[in-house]
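User: I'd like to go through this model with you, one question at a time. Could you put it up first?

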Amino acid sequence: MKTMAVPQILLREILPLAEHRVTPLENNRVISYRESVLPLIDLREVFSAPEIKPAQHVLVVGTDGSLHGLVVDRVLGLREIVVQPVAD
């Protein structure tokens, strides 16, 4: 299992994943979202992670002009993380 973080400023919403809502569209998977279509990105496929259990959630991320759904196994919670550049 891999643990990943998403910048909270990009996170719009967390939805339960209902497989019956997922529709194939031009070699992609999408769901209906707020009178639009939300393309899904399965992070297990992106990072070649084994499927231990079925995906449970969709993290709606992005800006108003470009939203995507990240398909994840579980959500661990929200945490404040400070990222600073490494000084030379």
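**Charges, fold and one arginine**

Analyst: Let's start with charge: the protein chain carries 9 positive and 11 negative side chains, and the centres of the two sets are 6 Å apart. Lys and Arg count as positive, Asp and Glu as negative, with His and the chain ends not counted; each charge is placed at NZ of Lys, CZ of Arg, CG of Asp or CD of Glu. The model is predicted, so local features need pLDDT of at least 70 and side-chain atom pairs 80 or more, while totals for chains, interfaces and linings use all residues. Residues are numbered from 1 along each chain as its sequence is written, and side-chain values use heavy atoms, leaving out hydrogens and water.

User: Does Arg44 count as buried or exposed?

Analyst: Arg44 sits in helix 1, residues 43–46. Buried means under 20% relative accessible area, exposed over 50%, and partly exposed in between (1.4 Å probe, protein chains only). Because its relative accessibility is 13%, Arg44 counts as buried.

User: Which residues is Arg44 in contact with, leaving aside neighbours within four places in sequence?

Analyst: Contact means heavy atoms within 4.5 Å. With those neighbours set aside, the partners of Arg44 are Ala49, Pro50, Glu51, Lys53, Pro54, Ala55 and Asp73.

Conventions:
Helix = DSSP H or I, 4+ residues; strand = E, 2+ residues; numbered from the N terminus.
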